[in-house]
Amino acid sequence: MQQNTSLTPALIRQHYYSRNVMIYTVLIGLAVLLMGFFIAVQYQDYDYKTTFIATIEDRMNTARTTESDLTSKKIEIDKEYESTMQEATKAFVEIFPASENYTELVRKLDLFFKDINKLNNPAVVTSIKFDKPVQEKNSPYKILPFTVNMNITKPNFDEFLKHVYTSGNVKDLTRLIDIKSFSLTMPDEKSQTKTLVLTVKMEAYMQ
Amino acid sequence: MADEKQFDLKIEPVKTTDSAKPAPAAPVSLPGQAQTSQEDTFLTNIFEKKSDEKSGQANDSKLMEGLIKMEEKNVAKQKSILDKTPEINTSLFIDIEYHLKRKLTILKGAFGSLIVLFLIVGGVSYATLSPDYDYFSPPNIGTNFNLKREDLTKKQNELNKIHYQIVKRDLDLFLYKGLLFRQKYNEYDSNPTQEREADLKDAESKVAAAFDVLAKEYTDYKNYQDALLESDMTDEVAKNKFNLSLIEQLTSNPEFITGMDPKEVKEILTIVSPSKNAELVKIFKDKKSSDIATHEDYNAKIKEVSALYSNPLTTFNSIKDSRIHWAKFIGEINRITKLVDASYEATTFSSTFVTGTGIKYVSFNIDNENTLKISGIAVTPGVDTFTMLAYLIDGLNKMQDPKTPGAFTDAEMRTFYKNSNTTGASSEQQDSKYTSNFTITAKLNPKWKPTNK
């Protein structure tokens, strides 16, 4: 019995040492793995960064060459672009101006009605009234509202509708306009030409 | 004395085994002889003990054997189930413990060393690679890398700026040529002649060339460098990243936009924005003008591009596209009215009222939501004025064919009103008995085309 009791502390110590040996072995294993992973990651980072730094000059040189090519291309395009845009800008001053330019619009309308007005087929504008321009909601353009009163035959009115629909033409430089509504009064019953008396509400557009 | 007696008593049982040996005579205590007798007794005892030891060694071993056997028998009797207790060599314990202790010490040392090594490696690594720990020999690799990367990103942004300046010019040219093409297209569409067809083809070839230039630009150019990407980035993500980087530069770096027209900056921002850019890429990348088959396809393509880009050209195009073809719809109203009222004349927007029945229009209005409102007067000699108006509403709602809606949809007039009229201003109204002022609303179908075309 004396022998057994004296062995117990030895066994406990042995157990303690064995357990700690195991714990430390596992910890060392984990530490080695972690360190290996850390070193691998850091090495990759190091390799990537040093390679990038080493090759930066080549990359910058390639970029400079591309920049030079693009600039040449842009200069080449600019030749056509400038001449075309000059033509477009000139046209837009007439068809889609940045200002009201209503006097020019009046002149153009007069010219149109002068062309279609005939003795047996009249087209006469009796009044034009321009309102102030308003900014169109959620749009980058403005509207110049105006009302036109006219005595016109149906065939000429059809011509007028066509003129309005084809307005904004770069070729004949007609200003972009549209009709919002029209109302008519009784035609002159005595007239053989069946002239319509119209009030046309219209809009001209501006940038 | 008591001890000695105990000692004596202790060995007495041994003596008792030797029964032949006479017991020593009890010491007699005499005055003056007390010390001597004590010494004698002690010596006697020792001698007796010595002699006992010598003589009894054999007997002792026998005795011990006997005792052990008895003990074993007793133990055997008590432990009827368990085996004999194993004998343990304690020296082995000492060896194992020593080795374990040594091993543990080595492992602890190794672990500590590893931690220290780890800290050193980590420290060196961060001091070398991290721009945040650039204290020892600035600039370290991390800082240097960041600076170089920044330089290359700046250069890439510069390249992208020039690229999008080119794209903007190409788009403007495409849209302007598209505008001319659409004019020719409308002219040809309204009155198709050979001359107009030739003009249209000429305009189309110019648009096709402009389309191919844009397609090449979108297909060939890459707006990023692989070296500037994270490893898991897709092509699309990378492009977006650099487009966003360009947007940031265009909006927040005045130096970057030096020499650029603010309008140009605004227009480039539109085409670089991720959503618009994705759509434009879809239209132009890896495409050819030869994929666009008809005039209508070109027309549709120009409209599509125009909707994605914002400048005066596209605004102009969108206004033109949103306008109503009044002549077309008025013609259709006249046609339908003629079916309801045989004496209706399109030239006056009115009936001749020869039969005393007829419709006369007073106003036409189309609002921004493409809602048509037509007002007029219906006249009948009998009380069936509403029947005529009902036919007119049905005529406006009639489908072009079972699957295609006509020029108007949802035509309606919910309130019908009439009065008898004997004091009308005109002769036809005076002759008539009933008149009805009406207002019909209807939705325009902008895609409608007259069937006789």
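Colleague: Over how many bridges do strand 3 of chain A and strand 5 of chain A pair?
Modeller: Happy to start there: this is a predicted model, where local features need pLDDT of at least 70 and side-chain atom pairs count only at pLDDT 80 or more, while totals for chains, interfaces and linings use all residues. Residues are numbered from 1 along each chain as its sequence is written, and chains are lettered from A and ligands numbered from 1 in the order in which they are written. Helices (H or I, at least four residues) and strands (E, at least two) are DSSP runs numbered from the N terminus, and two strands pair if DSSP finds at least two bridges between them. Strand 3 (residues 142-152) and strand 5 (residues 196-206) of chain A run antiparallel, and the number of bridges is 11.

Colleague: Which residue of strand 5 of chain A is the bridge partner of F146(A)?
Modeller: One position on this strand pair is N151(A), which stands opposite V197(A) in strand 5 of chain A. For F146(A), the partner in strand 5 of chain A is M202(A).

Colleague: And which residue of strand 5 of chain A is the bridge partner of F182(A)?
Modeller: Here we turn to strand 4 (residues 177-185) of chain A, which runs antiparallel to strand 5 of chain A and is joined to it by 8 bridges. The partner of F182(A) in strand 5 of chain A is V200(A).

Colleague: Which residue in the turn of the hairpin of strand 2 and strand 3 of chain A has a positive phi?
Modeller: Strand 2 (residues 134-135) of chain A is joined to strand 3 of chain A by 2 bridges, in the antiparallel sense, and Q135(A) has K142(A) as its bridge partner. The hairpin has 6 residues between its strands, and the turn residue with a positive phi, about 55°, is N138(A).

Colleague: In what order do the elements of chain A run from the N terminus on?
Modeller: Chain A has 3 helices and 5 strands. From the N terminus on, their order is α-α-β-β-β-α-β-β.

Colleague: How many residues does helix 1 of chain A bring to the side of chain A that touches chain B?
Modeller: The contact takes 67 residues from chain A and 65 residues from chain B, where two residues are in contact if their C-beta atoms, placed from the backbone, lie within 7 Å. On the side of chain A, helix 1 (2-95), helix 3 (154-165), strand 4 and strand 5 each supply at least two residues. The largest share comes from helix 1 of chain A, with 41 residues.

Colleague: Which residue of chain B is the bridge partner of S181(A)?
Modeller: The two chains also meet through strands: strand 4 of chain A and strand 3 (residues 358-366) of chain B run antiparallel, joined by 3 bridges. In strand 3 of chain B, the partner of S181(A) is N365(B).

Colleague: Within what arc do the buried residues of helix 10 of chain B fall?
Modeller: A residue is buried if 20 or more other C-beta atoms lie within 10 Å of its own, exposed if 12 or fewer, and partly exposed in between, with C-beta atoms placed from the backbone. In helix 10 (residues 312-322) of chain B, L313(B), T314(B), F316(B), N317(B) and K320(B) are buried. Seen down the helix axis, and taking directions from that axis to the C-beta atoms, these buried residues line one face of the helix, so they fall within an arc of 160°.

Colleague: Is G123(B) buried or exposed?
Modeller: G123(B) sits in helix 3 (residues 90-129) of chain B. With 12 other C-beta atoms within 10 Å, G123(B) is exposed.

Colleague: At roughly what angle do the axes of helix 4 and helix 6 of chain B cross?
Modeller: Axes are lines fitted to C-alpha atoms, for helices over the stretch in contact, and angles run from 0 to 180 degrees between N-to-C directions. Angles under 35 degrees count as roughly parallel, over 145 as roughly antiparallel, 65 to 115 as roughly perpendicular and the rest as oblique. Helix 4 of chain B and helix 6 of chain B are therefore roughly perpendicular to each other. Their axes come within 10 Å and cross at roughly 85°.
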